[in-house]
Amino acid sequence: MVRDITIGQYYPAESRIHRLDPRVKIVCTLFFLVSLFIQNSLLGYVIATLFLGTVIHLSKVPLKYIVKGLKPVVILLLFTVVMNLFLTKGGETLVHFWIFTITESGLRTSVFMAVRLMYLVAGSSIMTFTTTPNSLTDGIEKLLHPLNKVHVPVHEVAMMMSIALRFIPILLEETDKIMKAQMARGADFESGNLIQRAKAMIPILVPLFVSAFRRANDLAMAMEARCYRGGEGRTKMKPLKYHGRDRAAYAVTILYVVIIFVVGRFVPFKLWIF
């Protein structure tokens, strides 16, 4: 399960999505995530699927990497589906057993919620797969730059987010090494109930926290040795600039959101299928 977490990982490739400005990818990702919640129809999700599939194809990121990133959220996905399936009332009753009732509205809501969660993870993964941590930091800092006028430490916030993203793959790799070392000494992380498995994780957490604090201290000393004093007066070796492909990406994304909004608000209910 640890090796299946892909958050913060970068997949190097030569693609149109990789060449986009990081600000474009951040904003377009937010637009895509919002589009998943402003409509509730099958036609809208078909359009969202085509849009997401096209982006994945253009990014040249293998589909197996996207699917791999969904594995850690399977439990959350199943819990959400079950809760919506049995607790949402309304519409025609499809199945009734003991105290459990599945209605037409509950089935529709659970299916759409599952699709939303999967697309949310997949859409966010594309952004991190195609953007290096440094570029992501520069994009966040540039987008939040107006907040400097109200004395918000934008550079420091962006730096912390970048460091956090960089540490995720490192800590996952460290966790995998510790687990293999413990298993070689006879530790069992697979058998037993949920409580027993949680207790078995304690020998992993202690050395993992020690390693994390040690890495954080080494990073702080390295930044101090290089006279890092925050973002004031700092310049960029490669300043961000918009190009024609970036404006085209904005235009396509805005067009997609407009279509989703129109479908969700004005398409007759009889075309929804569900």
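Helices (H or I, at least four residues) and strands (E, at least two) are DSSP runs, numbered from the N terminus. On that basis, K60 lies in the loop between α2 (42-59) and α3 (63-68). This is a predicted model: local features need pLDDT of at least 70, side-chain atom pairs count only at pLDDT 80 or more, and totals for chains, interfaces and linings use all residues. Residues are numbered from 1 along each chain as its sequence is written, and side-chain values use heavy atoms, with hydrogens and water left out.

Stay with K60 for a moment. K60 is not a glycine, yet its phi is positive, at about 60°. Is K60 buried or exposed? The cut-offs are these: buried means under 20% relative accessible area, exposed means over 50%, and partly exposed is in between (1.4 Å probe, protein chains only). K60 has a relative accessible area of 52%, so it is exposed.

Now take the whole chain. The protein chain has 10 helices and 2 strands. Along the sequence, the pattern runs α-α-α-α-β-β-α-α-α-α-α-α. Of the 274 residues in the protein chain, 35% are buried.

Two pairs link separate parts of the sequence. F86 sits in helix α4 (residues 74-87). Its relative accessible area is 27%, so F86 is partly exposed. F86 and G106 are 20 residues apart along the chain, and 6.6 Å separates their C-alpha atoms. The other pair is V34 and V257. These two are 223 residues apart in sequence, but 8.6 Å apart in space, C-alpha to C-alpha. V34 belongs to helix α1. With a relative accessible area of 47%, V34 is partly exposed.

Next comes the surface. F31, I254, V258, F261, V262 and F266 make a nonpolar surface patch of about 560 Å². Patches are made of residues with over 30% relative accessible area and no salt bridge; like charges are joined within 9 Å, and nonpolar side chains (Val, Leu, Ile, Met, Phe, Trp, Tyr) within 5 Å. Accessible areas come from the Shrake-Rupley method with a 1.4 Å probe, and for residues only the protein chains shown count as cover. Which helix gives the most to the nonpolar patch? The answer is α10, with 5 residues. V258 is found in helix α10. V258 has a relative accessible area of 46%, so it is partly exposed.

Salt bridges follow. A salt bridge is a side-chain nitrogen of Lys or Arg within 4 Å of a carboxyl oxygen of Asp or Glu. The structure holds 5 of them. One joins E14 to R19, with the closest N and O atoms 4.0 Å apart. E14 counts as exposed, at 60% relative accessibility. R19 is partly exposed, at 41% relative accessible area. Another joins D21 to R23, and here the closest N and O atoms are 3.0 Å apart. D21 counts as buried because its relative accessibility is 4%. R23 is buried as well, with a relative accessible area of 7%. D176 also forms a salt bridge with K180, at 3.5 Å between the closest N and O atoms. Both residues of this pair lie in helix α7, 4 residues apart, about one turn of the helix. D176 is buried, with a relative accessible area of 13%.

On a 1 Å grid over the protein atoms alone, a cavity is a set of points where a 1.4 Å probe fits but cannot get out, and a pocket is an open set with protein on both sides within 12 Å along at least five of seven lines; lining residues have an atom within 4 Å of a point. Grid points are joined across faces, edges and corners, and a volume is the space filled by probe spheres set on the points. The largest pocket holds about 1,300 Å³ of space. It is lined by 45 residues, and N134, T137, D138, E141 and K236 are the closest to its centre. The elements that give two or more residues to this lining are α1 (22-35), α6 (133-143), α7 (154-184), α9 (202-225) and α10 (244-266). Which element gives the largest share of the lining? It is α7, with 8 residues.

The lining can also be split by class. Ala, Val, Leu, Ile, Met, Phe, Trp, Tyr, Cys and Pro count as nonpolar, Asp, Glu, Lys and Arg as charged, and the others, Gly among them, as polar. The lining of the largest pocket has 15 nonpolar, 14 polar and 16 charged residues.
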